Each structure stands twice: as C-alpha cells, then as structure tokens.
Amino acid sequence: MTEPSASPVRLRSVLATVPAYTPGRPPTPVEGVTAYKISSNENPYPPLPSVLEAVAGAASSLNRYPDMGVTALTAALSERLGVPASHLATGTGSVAVLGHLLSITCEPGDEVVYAWRSFEAYPIVVALSGATSVQVPVDAEARHDLDAMAAAITDRTRLVVVCTPNNPTGPAVREDELREFLAKVPRDVLVVVDEAYLEFTTEDTVPDALAIYRDHPNVAVLRTFSKAYGLAGLRVGYAVAHEEVATALRKAATPFGVSDLAQQAALASLAAYDELEVRVEQIVAERERVVAALREQGWTVPEAQGNFLWLPLGEDAVPFAQACQARALTVRPFAGDGVRVSVGESEANDRFVAIAAEWLRSR
C-alpha cells in the first residue's frame, strides 16, 4: 500500500507548543488482584438509581436535538443558587466553559494568569485561545501565592484563574486572602474561581464564591457535575457570572453541547443531593483517613480539600507511579513534580497506603 503523502493543510503554529492532555490510564491487570484506577479524581460510586432512571428515560429521544438553552437545568440552578437565570451559562464540563470564557475575553497576545502547578488543561485551553499563559508557582505549602499572582498582572492580562481547591495539589484558598487579592485586580480583568471540587471542602475558611461574585462584577464562578455528582461521563458544567459575561458565554457555547441525557441526569442529581451528600461525606472521611495514615508514615502531604491528595515526590513521581501500577493501582504522576492520588474504594485506598509505606521503607 502506498504511504499517504504529508498533508498540505496549513495548521496553526501554536499546536507545536500545546501540551497534550494526559488522561488517567486504566490499571494494568495483575493476576489474582483487583485492579483500581485512582488517577482521574472520579467519584468511585455508581450513579444513583433515580439518576439512571432519568438517563434511561431521556434515551428514548436521542433522535432529537437537546434543548439548546438547557432551560430546565438553568432554572433549577437559578433556584438552588439564588442567582438570576440570566447569570448562568452551561457547557460540556467546566473546562469547556473555561474555554468559552477565554474566547470571549482574550485576543491573540493577551495574558492569562494562573497558579502552577494547577489543572493541566489550563495551558492547553489558554494556548488554543491565542493567549499567553503566565504561570505563577505555588508556594512551599502547595497553595496559590495570591500576592505573586497579583504582581504578575499586567496591562495585557485579561483573565485570572483561581483553582480552589487546587487540582492537583489539594489546598483551597481562604476567603480573606481571595478578597484581598481581588482588591488588587483591575476591574476590567475577569477572575474565574474554579470550584470543581467545592463539595469536598471542609475548612471554615473556604470562600463563599457566590457572595464574592455578587460583590465583584469581574468575578465568575465555575462548577461541574463531574466530581461530587458523579456525572463525569456525561460532561456538564456551568458558570455563574454577571449578565454581560454570561450572555457572551451563551453566544460562545457549542450549539446543543449539553445533551438531554446530561441535563436530565444533572436535574435528577440536584433532586437527590441529600443522598449524594452522604457519599461525599464518605469520600471526605476516606480522604482524611488516608492523609492521616500517610503523615503518620512520615510523608509530607499538603492540605487536601478535594477528593484527592498530593505527594510532592519530585523526580520520584514516575517511579512511584510505576510501583503502584505493578500492584494493579493507577495513580497520576506529574513527571518531576509529584503524584496525585484520587480517593477511591476503601480497598484501593488501603493498597495505596501499603505501597506508600513500602516505598518509604525502601528509601
């Protein structure tokens, strides 16, 4: 067979510098051992029966386009959050909504400030928007250095992302420091508070992001149904923002992006949140148990406020992940930096704690 010739299509030069998103790998099977994937911050619990029933009902109309306005979910969120429906915009996961936020604020050459290390999709969506990433290192406790982030803002800055709790390092920002930070940010710079893991936070100092958005016209809040609600496979997230921003977001959204299955599942999940909250509390209890065990072993573990924890392993990140993989346990390494470990099933967590202890003994 003749080899196809190189494509003559002219692609954007920025693609050569855009990092590929690395999804969590499925665990490698090991004979006689149950394999677990604790690399993608997924909710380990299956959907509630009421959610599955809603999805099954919606499946009968797959031949029809979904409601482009995501009207029912928007109305339910408006009532639940106490915000006008006109201040809401939905999308296929909060990362897609962030992409829309970039598309409505950034021209080529504009700058986007965010902490690093933080969510690995940030540099991808920023680069594809034509903007330039300004990455501000997290501090020694793996927290946002908000003073340094404020100092990094220039006349070219159009958007700042605050990820709280920070994925993958774990800590959340405090309300007082976030408000102090916002006082330093020019009013024409949009500050996006990414709260994908909000429901897992337990610290009293965690910001009331909706109160902050009400006080600041240049603040938008990002949330998702992927984590606490366990709908990662259906892709639905949303932003809360002031009307001008939210209206622009709806213009930028992919038409019919949120499927009817996703909308019905999200509605059913909101209705069943009391049941889901029990699961969230169980995940938090497991997180606290694992963190305590690791610290007792001698590990340095930053404050964990999501459904995951962070081990700052540096150059040992990949070898440690390989040691876990050899035991049919997949974690998420960030080469040269650290390893993020999702809170999974109790047996998976127990195996991880045992591997961590063995790793320290071998050093």
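Residues are numbered from 1 along each chain as its sequence is written, and side-chain values use heavy atoms, with hydrogens and water left out. As the model is predicted, local features need pLDDT of at least 70 and side-chain atom pairs count only at pLDDT 80 or more, whereas totals for chains, interfaces and linings use all residues.

Next comes the nonpolar interior. In soluble globular proteins, nonpolar side chains tend to be buried together. A nonpolar core is here a set of buried Ala, Val, Leu, Ile, Met, Phe, Trp, Tyr and Cys residues joined through side-chain atoms within 4.5 Å. Buried means under 20% relative accessible area, exposed means over 50%, and partly exposed lies in between (1.4 Å probe, protein chains only). The largest nonpolar core has 60 residues, of which Met-149, Val-160, Val-162, Phe-181, Phe-225 and Val-240 touch the most other members. Helix H9 (residues 260–271) gives the most to this core, with six residues; helices (H or I, at least four residues) and strands (E, at least two) are DSSP runs, numbered from the N terminus. Both domain 1 (22–46 + 273–362) and domain 2 (49–270) give residues to this core, so it lies between them.

Two residues show what such surroundings look like in detail. Leaving aside neighbours within four places in sequence, Val-240 is in contact with Leu-81, Val-83, His-87, Leu-88, Leu-210, Tyr-213, Val-219, Ala-220 and Val-221. Ser-94 has its place in helix H3 (residues 94–105) and is buried, with a relative accessible area of 11%. Not counting residues up to four places away in sequence, Ser-94 touches Leu-222, Arg-223, Thr-224 and Gly-237.

Aromatic rings come next. A pair of aromatic rings is described by the distance of the centres and the angle of the planes. Rings of Phe, Tyr and Trp (its six-membered ring) pair if their centres lie within 6.5 Å; planes under 30 degrees apart count as stacked, over 60 as edge-to-face and the rest as tilted. The structure holds twelve aromatic pairs. In one of them, the rings of Phe-225 and Tyr-229 have centres 4.7 Å apart and planes at 50°, so the pair is tilted. Phe-225 is buried at 1% relative accessible area, and Tyr-229 is buried at 11%. Phe-320 and Trp-359 form an edge-to-face pair, 5.3 Å centre to centre with 80° between the planes. Phe-320 lies in helix H11 (residues 317–325) and Trp-359 in helix H12 (residues 346–362), so this pair ties together parts that are 39 residues apart in sequence. Phe-320 is buried, with a relative accessible area of 0%, and Trp-359 counts as buried at 9%.

A charge sits over a ring if NZ of Lys or CZ of Arg is within 6 Å of the ring centre and within 35 degrees of the ring normal. The charged end of Arg-332 likewise sits over the ring of Phe-334, 4.2 Å from its centre. Elsewhere, Tyr-114, Trp-116, Phe-119 and Tyr-122 form one aromatic cluster.

Finally, the structure holds 17 salt bridges, each a side-chain nitrogen of Lys or Arg within 4 Å of a carboxyl oxygen of Asp or Glu. The side chains of Asp-147 and Lys-184 meet in one of them (2.8 Å, N to O). Asp-147 lies in helix H5 (residues 146–151) and Lys-184 in helix H6 (residues 175–184), so the pair ties together parts that are 37 residues apart in sequence. Asp-147 is exposed at 53% relative accessible area, while Lys-184 is partly exposed at 46%. In helix H6, Arg-179 and Glu-175 lie four residues apart, about one turn of the helix, and form a salt bridge with their closest N and O atoms 3.0 Å apart. Salt bridges that share partners join Arg-143, Arg-174, Asp-176 and Glu-177 into one network.

Methods:
Domain bounds come from an automatic or database domain assignment. Contact means heavy atoms within 4.5 Å.
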